[in-house]
Amino acid sequence: MELRRSRGARVLALVCVLGGLLLLVYPSDGAVLRTVIAVGAIALGAVALVSGLRPFRFGIHEDGLTVRRPGLRRDIRWAEVGALILDEPPRRDGHPEPPRLLLVPAQGVPPKPVTARHPLDGRPAIELLVLDQVREQPDQVSAALTRYAGGRFVDLLALRRVAFDAPDLPVGLRGYQMDRVDQLIRRGQDALISGDASTRQAARGEIERASAAGLPIAQRGYHPIQADTVLDALVAALADQQTTDRETAT
């Protein structure tokens, strides 16, 4: 499977260049400021266009991966791969970040360059791809990697949804700080999929302590009632897993 580069960045770059040229062609009052903005837009668009025209290839096939992008040009055989992880970075101010594909090299293979860490165990990793760079959807990329990489591939996006499918929380004035709530939800989700009872217990305790102490309030944040409901459900899910562990042990 060959992934196709997204056209979005190039279209935006072209808009910046054309917009800057129009500002230069049609002068008006405040010419100095207008010229500065126009030159800045043209420069920004030109840099993005040059980057968008650089060679790009990302192939997923029976023998391994073919990567041709700025900063990384390699053919990676499956024997060199310890793990492939499809992950989503934590949200920023309530906005989701694009998913990324990380590679943890097999034992004995040096991780060069180290640009990331395994989201669950912290092993050195290489960021192979940010999925907003390609036209294919995360589910399509996941299906191809499941087919060819087999047990080396882990779709953390899907595992988190199965473990605890957190809804999109409403945002309003004087709500809980979004980054803190998202951090706690991610902590609980990762604990649920860890398979480790002590990790789940620690996550449950952290969420309960944070809720009891009072989550920080921001001028714009998550609605407290809905956020509390989600966190309570997450604590309950973590408690249910611990109960199951005890029943299994007996």
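Which residue in S8 is the bridge partner of Arg-117? The model is predicted: local features need pLDDT of at least 70, side-chain atom pairs count only at pLDDT 80 or more, and totals for chains, interfaces and linings use all residues. Residues are numbered from 1 along each chain as its sequence is written, and side-chain values use heavy atoms, with hydrogens and water left out.

**View A. Pairing of S7 with S8.** The bridge partner of Arg-117 is Pro-124 in S8. Strands S7 and S8 (residues 124-130) are antiparallel and are joined over 2 bridges. Strands (E, at least two residues) and helices (H or I, at least four) are DSSP runs numbered from the N terminus; two strands pair if DSSP finds at least two bridges between them.

View B. The order S7-S8-S6-S5-S9 describes an open sheet of 5 strands with mixed pairing. Its edge strands, S7 (116-117) and S9 (153-155), each pair on one side only. Helix H3 (residues 138-149) lies across S5 (81-87), S6 (100-105) and S9, and runs at about 155° to S9. Axes are lines fitted to C-alpha atoms, for helices over the stretch in contact (heavy atoms within 4.5 Å); angles run from 0 to 180 degrees between N-to-C directions.

**View C. Two residues with positive phi.** Most residues other than glycine have a negative phi. Asp-93, in the loop between S5 and S6, has a positive phi near 50° and is partly exposed at 49% relative accessibility. Arg-174, in strand S10 (residues 171-176), has a positive phi near 55° and is exposed, with a relative accessible area of 59%. Buried means under 20% relative accessible area, exposed over 50%, and partly exposed in between (1.4 Å probe, protein chains only).
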